[in-house]
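Try each task before you read its solution.

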Amino acid sequence: MASELMAQQHSMVHRALGTKIVLTVYGDEYFPLLSQAMKMIDGYEDRLTVNRPVSEVMAVNQAAGRTPKLVSPTTYELVKLAVHYSRENSGFNALIGPLVKLWKIGFAGANVPSDQAIKDRLRLIDPYQVLLDDDNRTVYLEQPGMELDLGGIAKGYIADRVRDFWLAQGVPAGIINLGGNLVFVGQSPRRADGQWIIGVQDPQLKRGHDLETVRQPACSAVTSGIYERFLVKDGRRYHHLLDPRTGYPLETDLSSVTVFTDQSVLGEIEAKRLFFNGAPLAGWASHPGNRGAVFIHNDERVENINI
């Protein structure tokens with residue numbers, strides 16, 4: 001059966017969510033689900049993007065300091081989740097957009113801002129200044145200039161929805177790759193035990209070169225790292241992962257953290273939590289939904305949790 005499925009591998013490539021999307025299913029009868037899943041992804045992007053003038057999230061941002069905005073149930077669910085984890089102050093912050101735009105690391109005009117400019121932007125990234133009205137399903141940003149950006153959590157949420165769709169349709173095996181955010185569905189046809197072999201990127205090399213490999217049943221794999229976007233100014237290197245507590249790039253000797261979780265949306269959060277912590281958290285792997293993690297330090301030392 002596994003060899004038959006291997007012969008029936010079908011993949012589709014698409015550009016969405018600001019990245020390269022690659023979806024793979026095993027089984028000829030499931031091929032039509034690839035294009036259906038791509039349409040799902042496009043639909044979510046239409047509602048959630050901040051890279052176009054018009055979307056539900058952009059409507060919230062454009063009304064900042066003026067009026068609450070009604071959003072769809074899906075968008076409200078994700079905003080509520082993002083705000084909840086932003087308030088934990090453990091690295092993830094869905095309001096960090098104004099600070100990112102100040103530094104512009106990885107984009108034209110990247111610079112090191114003044115201390116005062118950073119302090120001014122810190123006032124605009126407070127997740128407690130987001131008012132959520134469950135009864136009316138509205139989102140309100142209290143200060144003009146505040147911005148909601150779900151980019152740090154949306155890919156995981158969308159990957160989970162595609163996985164749920166495939167499982168409901170009976171897909172025996174598949175891989176959802178949203179720009180390196182991975183979800184493995186069902187049992188791998190490559191191995192008798194059904195486990196998947198998952199590569200962990202070598203931060204010193206181009207994408208696709210692995211420093212570590214992990215074997216897991218169906219799961220999500222999400223990485224937080226500082227090796228792809230950075231700014232060098234006066235001999236000092238500034239990476240793109242900004243610390244919402246200070247306004248400056250996070251001080252760390254880590255290059256990346258990859259987490260393996262049941263849910264991809266929580267993998268997004270947990271990868272940032274561990275990266276910002278800088279070291280394994282006691283009892284982390286025993287928490288429901290967390291499988292394990294791989295820490296890669298700047299000197300390429302590898303540290304595994306529950307792998």
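**Exercise 1: A loop serine**

Leaving aside neighbours within four places in sequence, which residues is Ser-90 in contact with? Then decide: is Ser-90 buried or exposed?

Solution. The model is predicted.
- Step 1: Ser-90 touches Lys-272, Arg-273 and Phe-276, once neighbours within four places in sequence are set aside.
- Step 2: Ser-90 sits in the loop between α4 and α5 (97–103).
- Step 3: Buried means under 20% relative accessible area. Ser-90 has 15% relative accessibility, so it counts as buried.

**Exercise 2: The open sheet**

Find the order of the three strands in the open sheet. Which strands stand at the edges?

Solution. 
- Step 1: The order is β3-β5-β4, and the pairing is antiparallel.
- Step 2: β3 (69–70) and β4 (130–133) each have a single partner strand, so they are the edges, and one side of each lacks a neighbour in the sheet.
- Step 3: Look at one pairing. Two bridges join β3 to β5 (residues 138–141). Lys-69 has Val-139 of β5 as its bridge partner.

**Exercise 3: Helix α4 and its surroundings**

Describe how α4 lies on the sheet and how α4 crosses α7.

Solution. 
- Step 1: α4 (residues 73–86) lies across β4 and β5, at about 135° to β4.
- Step 2: The axes of α4 and α7 (residues 151–168) come within 10 Å and cross at roughly 125°. That angle makes α4 oblique to α7.
- Step 3: The crossing of α4 and α7 is right-handed.
- Step 4: Thr-74, Glu-77, Leu-78, Leu-81 and Ala-82 of α4 meet Ile-153, Ala-154 and Tyr-157 of α7.
- Step 5: Sort these contact residues: six are nonpolar, one is polar and one is charged.

Key:
Residues numbered from 1 in each chain as written. Predicted model: local features only at pLDDT ≥ 70, side-chain atom pairs only at ≥ 80, totals over all residues. Heavy atoms only, no water. Pairing = 2+ DSSP bridges. Helix = DSSP H or I, 4+ residues; strand = E, 2+ residues; numbered from the N terminus. Contact = heavy atoms within 4.5 Å. Axes fitted to C-alpha atoms, helices over the stretch in contact; angles between N-to-C directions. Buried < 20%, exposed > 50% of the residue type's maximum accessible area, 1.4 Å probe, protein only. Parallel < 35°, antiparallel > 145°, perpendicular 65-115°, else oblique. Left-handed = near helix turned anticlockwise from the far one by under 90°. Nonpolar A, V, L, I, M, F, W, Y, C, P; charged D, E, K, R; others polar.
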